[in-house]
Amino acid sequence: MKKKMLLLNLYRFKPKVGKTSLIMSLVSEEFPDEVPLRAEEITIPADVTPERVPTHIVDYSEAEQSDEQLYQEISKANVICIVYSVNNKKSIEKVTSHWIPLINDRTDKDSRVPLILVGNKSDLVEHSSMETILPIMNQYQDIETCVECSAKNLKNISELFYYAQKAVLHPTGPLYCPEEKELKPSCIKALTRIFKISDLDNDGILNDSELNFFQRTCFNTPLAPQALEDVKNVVRRNMMDGVKDNGLTLKGFLFLHTLFIQRGRHETTWTVLRRFGYDDDLELTQEYLFPMIKIPPDCTTELNHNAYLFLQSVFDKHDKDRDCALSPEEVKDLFKVFPYMPWGPDVNNTVCTNEQGWLTYQGYLSQWTTERLLPALYITNLTRNKRIDLQKKQTQRSVFRCNVLGARGSGKSGFLQAFLGRNLQRQRRIREEHKSFYAISTTYVYGQEKYLLLHEVMPDFDFLTETDLSCDVVCLVYDINNPRSFEYCAKVYKQYFIDSKTPCVVIAAKSDLHEVRQHYSLSPHDFCRKHKLHPPQPFTCSTNEAPSKDIYTRLTTMAMYPHMAQADLKNSTFWLRASVGATVFAVLGFAMYRALLKQR
């Protein structure tokens, strides 16, 4: 996540307390002989500040500026420094009687500006004002800290501006409730998510290896063995169940961050939160959730090998019963680190499942192939331009899209579900509200595993969008038992695809039923012959076993080799080579699946 470069407006109120002298002492590094009523606005470059952010310092003078100007400056401020004189009790009293109420009246209750109390002229007294100031700090949670300084002898001048920056970049307010002396619910929720992500084996404990993974992720350096033990010992001394089996529990993890904040090390917790994508309001940023990827025209993105390895590790982490499938409870547990549940009940009808309807390992990978909701999964390959693929007559892509079009009731949904190995009997058990317009699974072409994504397009002929038409191969489905079914396919082809380079296949669905004459000027066979298309492919999902996958292999092959002439695609030898490769690798794939199951 890119670090936000904040502009800080620092305001100093109250006349004759030395606020202007503080600003001038910071800039010149010496006490000024003559002090104006108000210092000009000053910008401190990022490269000379500890937090590496540019800082605007704005002074306010009651003698030169109106109340309206003051209110405008308050509304623009990121942090406000209220300066009082440590040797003047009335000056301290006015902090609570005038300035804090005035600021609170001019700022929104839910987004209060952090305040810094600055006790100036500490060189004039031998005592500290902290005894008087601490009750004020406890009363007002908007006060981040208090610092005593002296413009005359330059005491704590740099520290003052450091604390002001820190109040903006690492505020206490969103994290901690000083009255209750505990983390706020939104902070607990964010840190719990971070704990679960860092708990790589999902056992509810951060062992030494996981703690070091967390440490490297957030701070780019591991902890020494003794440092790890010291951390756990601090937790052991303060709570009973913070350490278990020599690892840190969630309670212990939360306690450590509470301790960091109580000791003034807010930046530690903020560094962790921002590393895991949180903004100043403890919400996951859009940049973290949806990183922008510039995709040139005619190119696509695909998950690379590292992304699939990551996905496998996440699956193994949550497949607690080691059955190579994710139950509804295991899926729910997996998505606890998400801001919302990205998959609905339709996902079980989009990918392969086991007999219980649970996501198999292959189905899980298939679903992620079409989605990249995890920031870590934006490790993608940018595929080559499709025009170059056509010129070179080969492609390196692994994912292909097939749009399935046809009249209502032609068998499109059945065609999608059959790709997932479901016959008509099993399809009838699918609830209407759980139906999916997508299906994705793997096919094998010449021994190469490829993903084919089927998309059922709604049959509104006059409202087909660019998305409905953009794909690698088109399936035109008609019902051989309905005399008016083929007409839709013919019209769609002539309207949108007759001059397209996208391969088209006509599917004669419900081939187990009696074929009737189609009410169109040409029969489906004659239509395909006239337009040099492959003859209609008979298909049915009314089978005792899982429907044949041969047609899906053909679709993937056509998507991979769109340059081939239709005559080549009709060649039986060509299809034999492709389908034999599919059969062999399907068997090998199952054997490897069983081997992985044993290893787990």
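Over residues 306-341, the chain is 56% helix and 6% strand, with its end C-alpha atoms 24 Å apart. That stretch is where UniProt, in an unreviewed entry, places the feature "domain: EF-hand"; UniProt positions are given in the numbering used here, feature names are shortened, and annotations may be inferred rather than shown by experiment. Helices here are DSSP runs of H or I with at least four residues, strands are runs of E with at least two, and both are numbered from the N terminus.

Before going further, keep in mind that this is a predicted model, where local features need pLDDT of at least 70 and side-chain atom pairs count only at pLDDT 80 or more, while totals for chains, interfaces and linings use all residues. Residues are numbered from 1 along each chain as its sequence is written, and side-chain values use heavy atoms, with hydrogens and water left out.

Let's turn to the core. A nonpolar core is a set of buried Ala, Val, Leu, Ile, Met, Phe, Trp, Tyr and Cys residues joined through side-chain atoms within 4.5 Å. Buried means under 20% relative accessible area, exposed means over 50%, and partly exposed is in between, using a 1.4 Å probe and protein chains only. The largest such core has 32 residues, and those with the most contacts inside it are Leu 175, Leu 191, Ile 194, Leu 248, Phe 253 and Leu 273. Two or more residues each come from α6 (185-198), α7 (208-219), α8 (225-238), α9, α10 and α11 (286-289). Of these, α9 gives the largest share, 7 residues. There is also another core apart from this one, with 28 residues, among them Phe 539, Cys 541, Ala 559 and Met 560.

Leaving aside neighbours within four places in sequence, Ile 194 is in contact (heavy atoms within 4.5 Å) with Phe 214, Phe 253, Val 272, Leu 273, Phe 276 and Tyr 278.

What about α9 itself? Helix α9 covers residues 250-262, 13 residues in total, and spans 18 Å from its first C-alpha to its last, close to the 18 Å expected at 1.5 Å a residue; the expected span is 1.5 Å times one less than the number of residues. Because 10 of its 13 residues are buried, α9 is largely enclosed by the rest of the structure. The buried run goes Gly 252, Phe 253, Leu 254, Phe 255, Leu 256, His 257, Thr 258, Leu 259, Phe 260 and Ile 261. After the helix comes Gly 264, with a positive phi near 80°.

Gly 421 follows α16 and has a positive phi, near 85°.

Now for the charged pairs. With a salt bridge taken as a side-chain nitrogen of Lys or Arg within 4 Å of a carboxyl oxygen of Asp or Glu, the count comes to 14. One of them joins Lys 166 and Glu 267, whose closest N and O atoms are 3.2 Å apart. Lys 166 sits in helix α5 (residues 157-169) and Glu 267 in helix α10 (residues 266-275), so the pair ties together parts that are 101 residues apart in sequence. Lys 166 is buried, at 10% relative accessible area, whereas Glu 267 is partly exposed at 22%.

Asp 526 and Arg 529 also meet in a salt bridge, 2.6 Å from N to O. They are 3 residues apart in helix α20 (residues 524-530), separated by about one helical turn. Elsewhere, Lys 196, Asp 333 and Lys 336 are linked in a network of salt bridges.

Last come the rings. Phe, Tyr and Trp (its six-membered ring) pair if their ring centres lie within 6.5 Å; planes under 30 degrees apart count as stacked, over 60 as edge-to-face and the rest as tilted. The whole structure has 21 aromatic pairs. Phe 315 and Tyr 361 form an edge-to-face one, 5.0 Å centre to centre with 65° between the planes. This pair links helix α12 (residues 305-318) to helix α14 (residues 361-370), with the two residues 46 apart, and both are buried. Phe 335 and Phe 338 are edge-to-face too, at 4.7 Å and 85°. Finally, ring pairs link Tyr 478, Phe 486, Tyr 493, Tyr 520 and Phe 527 into a cluster.
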